[in-house]
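Try each task before reading its solution.

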Amino acid sequence: MSAVESGCCAGPAEALNAVPTSSMPASVTPAQRDWSLYRWLAALAASLVAWFVVYHYLPVFAAWFTYDLLGLDPASRLGSSVAFFVYDAPKVLMLLVLVVYVVGIIRTFFSPATTRRMLAGRRESAGNVMAASLGIVTPFCSCSAVPLFIGFVTAGVPLGVTFSFLIAAPMVNEIALVLLYGLFGWEVALLYLTMGLLIAIVAGWVIGRLKVERLVEPWVYETMAGEVAEERPLFTERLRTGLDAVREIVGKVWPYVLAGIAVGAVIHGYVPENFMASVMGGGAWWSVPLAVLAGVPMYSNAAGIIPIVQALLEKGAALGTVLAFMMAVIALSFPEMVILRRVLTPKLIAVFVGVVATGILIVGYVFNLVV
Amino acid sequence: MNVKILGTGCANCKKLYAVVEEALVQTGIRAELTKVEDVQAIMGYGVMSTPALVIDETVVSAGKVPRVAEVSSWLATAAMKETGAV
């Protein structure tokens, strides 16, 4: 399993410019500032138009490329595989660039510090809902999980609310949503978003009810967390941060996306229908727990796992089973538990895994029943 | 001048270290460059996402690997402050 961490630690989002950066000297006049903003907006508008034109003509281009230029037969296995890849690869990458850019800009408004301020002293329930939602837009990386955890609980964010955030942040992210939308359509993407949020909210709430504060390593509450003064970045600065995010994140995940789509293309053309139905179909009751068990030790992010999910789904695996597998891989990763072990006792880690895994199991079963 | 890199040892912390070294060479500024890996010490700076960069006990960046040019300008600003104070 690929051990990529998309944008990990390098989410170029937190604007903490205590001193002015080179591109924005302190002596900038308002007039200069406006000019550079207009230039940015003009460039953005032009790129956006170009994006939509290219996106609109992608199916035409893919058909022309595969059947006219390469002269492949649409009914052949090779033709069907190549057409799939030539259409899907640029489509998914284009969606990824657009969404990562927009989310990159949105994230400049939500640093972990602002999120903490919004959550501190919040009551449970409402706090769990807010924390899970903020988990989507706050830049987060699992290697920052420990400082973030300490920062939250020492500032008075309830333990259960902190967990809601820690569950939602890796599980519901823009890359997962784009890939799901691009490969399965908006219904599946929306389903994933809703279920991911629901698990984060309910699991965090349950952990809060269990009153497990004593299972946090005692030194955590004794840590004196400092405060950082934050400056509001200029709007052009935010627009630039979005580009940085595209360079960082898309630059890191594109090989996995392409490899995944290539595997998907081969399966699309060559593997027989319903190949997976016997193992991962909705009929077998043990398939959901098995999918969760298989998913936990795997360490991957959305970019690595979704193309595999696509392959499973297309060949007859049940949607609930596949969603459970994917959520277990992304939300319950062994390395993250090792990192969290520094602040949580093994007992609390077991509680955390148990509650989240139960949530994923329920989602898996419910979907297999409903869909 | 003292420059500290806060991080628990992830890949991007090493990247940031290299970027700062490069910026120090480019600007010709002499500074004491240290790594801070202890979580409690990191928390003392109020940083919640790593890697973070601290110049003369002021956090200038957190949760990202800034560009060499950015780091250079932060170093230059700090150097100006130092000479102004002396």
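**Exercise 1.** Find how strand β1 (residues 2-6) of chain B and β3(B) pair, and over how many bridges.

*Solution.* Strands are DSSP runs of E with at least two residues, helices are runs of H or I with at least four, and both are numbered from the N terminus. Two strands pair if DSSP finds at least two bridges between them. β1(B) and β3(B) pair in the antiparallel sense over four bridges. To follow the pairing, look for B:I5 opposite B:L53, then for B:V3 opposite B:I55.

This is a predicted model, in which local features need pLDDT of at least 70 and side-chain atom pairs count only at pLDDT 80 or more, while totals for chains, interfaces and linings use all residues. Residues are numbered from 1 along each chain as its sequence is written, and chains are lettered from A and ligands numbered from 1 in the order in which they are written.

**Exercise 2.** Are the faces of β3(B) covered or open?

*Solution.* A residue is buried if 20 or more other C-beta atoms, placed from the backbone, lie within 10 Å of its own. On one side, B:A52 and B:V54 are buried. On the other, B:L53 and B:I55 are buried too, so both faces are covered.

**Exercise 3.** Give the strand order of the open sheet in chain B and name its edge strands.

*Solution.* The order of the four strands is β2-β1-β3-β4, with mixed pairing. β2 (32-36) and β4 are the edge strands, each pairing on one side only.

**Exercise 4.** Describe how helix α4 (residues 126-137) of chain A packs with helix α8 (residues 186-209) of chain A.

*Solution.* Axes are lines fitted to C-alpha atoms over the stretch in contact, and angles run from 0 to 180 degrees between N-to-C directions. The angle is about 135°, with the axes 9 Å apart. That makes α4(A) oblique to α8(A), a class left over once angles under 35 degrees (roughly parallel), over 145 (roughly antiparallel) and 65 to 115 (roughly perpendicular) are set aside.

Methods: A residue is buried if 20 or more other C-beta atoms lie within 10 Å of its own, exposed if 12 or fewer, and partly exposed in between; C-beta atoms are placed from the backbone.
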